[in-house]
Amino acid sequence: METLNYDVLAKTGYDGYILKDAPEKVLQFGEGNFLRAFVDYWFDLANEKANWNGKCVLVQPIAPGLAKMINAQEGLYTLYLRGSENGQKVDAKRVISSVSRCLNPYEKDDYEKMMEVAVSDDLEIIVSNTTEAGIVYDPACQKDDVPPSSFPAKMTQVLYRRWMAKKAPVTILACELIDNNGKELQKCVNKYIEQWGLEADFCDYVNNKCLFCGSLVDRIVPGRIRDPKEVAELEEKHGYADPLLDVGECFGLWVIEGPEELNDRLPFKKAGLEKNVFVTADMTPYKKRKVRILNGAHTGFVLGAYLGGYDIVRDCMHDSTILGYMNKMLLEETVPILPLPQDDCKAFAAAVQDRFNNPFVNHELMSISLNSTSKWRARCMPSFLEYVEKNGKLPTCISMGYAAYIAFFSNDLQELNEKGLVAKRPAGNEYLISDDRWVLEFYYAHKNDSVKDLVHAVMTNEQMWGQDLTKIEGFEELTVKNVTLIREKGALEAYKSCL
């Protein structure tokens, strides 16, 4: 079967939106599944809905990559967005045509092509997602390296070449999953400006003319389909082979931090995408919303749900007790204290339920359980403390989630080995707890404690929580009661008691 390209696609009679030729307006560092299912998807919609008429040139951030495959397909690839929306199954196909080509800067010809894009009059935007390890300053990188190993050094070279050519400044959108991603990238570029002794006018161009924007990205991207049978069925259905086929969930949110006028530079508002892609002066509340609602829901219910016999997130959404417990935790205890419009937060919480109910993703509870101590402190504890401060009482469901955390880490402990802490589920099967070694050693040292002594030891461990939680009025007594209930009646009965 022929591999996807423009001619092959035309032969299949595909009647979806396609844009074959357009100016290359975006230089994108990163060509993996996430960016192709997320950033390039939004630019593709902007072409269709706002006649943006732009293409993205992709750049491999590291030497091994997808450039040859992408170029063989003339930038085309198939994207499936799958999941659940408003309780309805979604399985939507789109052929993405916003990518023109992909460059491998570790080959000299492609490095020069990257610099040709850098000085192009068409270039407006630079996007990056080079993983959490990508935004790093490496002093070994030199001005004349072809190319330097670090992404910020490549970025400095690109911007310097553009400045030397007297071209207009650009907007930089960092998508890496680190705090203050745009500012951190800008800091690294400034270190190279200093290290390489570059001109003061170039420094001014970078810091006062170009715009470095942080952003929050939110879409689960499983990527490739691994079942050979399904791949064969899709190839038969499509009429072409596509080794670059990508899969993401249907939910997508891109919050870009910058001035209001950035909406005029970017095509997304004109395309009517402002519910999914928008500019804000401060993305902190949106990050807080994601951590408290999406991540907080995971950490808040999965440990008890696992003790209650469940293995997959989706199955939990079909249990009325767990679903009711999660929704009460979110809608009555978490959403009301967030610094964003309540309707927006409630809509985000409703979308979380749909995302957890994704019929295409088998998200294992045990994978979410990794490092639950630091996760509870970062995701659930701030909501707990703010709820107490605002309401003068303990939140019923978040408090129960804390008890479920303790129960999960202490249930019929068997041994501590090099892989982790071995415990037993009430049903009798063993499970492996993974966390920081000192956390596992702590729980194993207290494996013979009474519930009262264990709870006191956990809550007074300031290394875990940064404070002594027994000082919160009534919390220790409630946690002893809740852990006892979980051990005696089971986690699902304990969750039911909260409703």
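Biologist: Which residues form one aromatic cluster?

Modeller: Tyr-306, Trp-376, Phe-384, Tyr-402, Tyr-405, Phe-408, Phe-409, Tyr-431, Phe-442, Tyr-443, Trp-465 and Phe-475 do. Before we go on, this is a predicted model: local features need pLDDT of at least 70, side-chain atom pairs count only at pLDDT 80 or more, and totals for chains, interfaces and linings use all residues. Residues are numbered from 1 along each chain as its sequence is written, and side-chain values use heavy atoms, with hydrogens and water left out.

Biologist: How many aromatic pairs does the structure hold?

Modeller: A pair of aromatic rings is described by the distance of the centres and the angle of the planes. Rings of Phe, Tyr and Trp (its six-membered ring) pair if their centres lie within 6.5 Å; planes under 30 degrees apart count as stacked, over 60 as edge-to-face and the rest as tilted. The structure holds 34 such pairs. One of them joins Trp-376 and Phe-384, tilted, with 6.4 Å between centres and 55° between the planes. Trp-376 also pairs with Trp-465, edge-to-face, at 5.9 Å centre to centre and 80° between the planes.

Biologist: Where in the chain do Trp-376 and Trp-465 lie?

Modeller: Trp-376 is in helix 16 (residues 372-391) and Trp-465 in helix 20 (residues 462-465), 89 residues apart, so the pair links distant parts of the chain. Helices (H or I, at least four residues) and strands (E, at least two) are DSSP runs, numbered from the N terminus.

Biologist: Are Trp-376 and Trp-465 buried or exposed?

Modeller: Both are buried. Buried means under 20% relative accessible area, exposed over 50%, and partly exposed in between (1.4 Å probe, protein chains only).

Biologist: How many salt bridges are there?

Modeller: A salt bridge is a side-chain nitrogen of Lys or Arg within 4 Å of a carboxyl oxygen of Asp or Glu. The count comes to 19. In one of them, the closest N and O atoms of Arg-94 and Asp-44 are 2.7 Å apart. Arg-94 and Asp-44 are both buried. Another joins Lys-269 and Glu-260 at 3.9 Å, N to O; Lys-269 is partly exposed at 45%, and Glu-260 is exposed at 53%.
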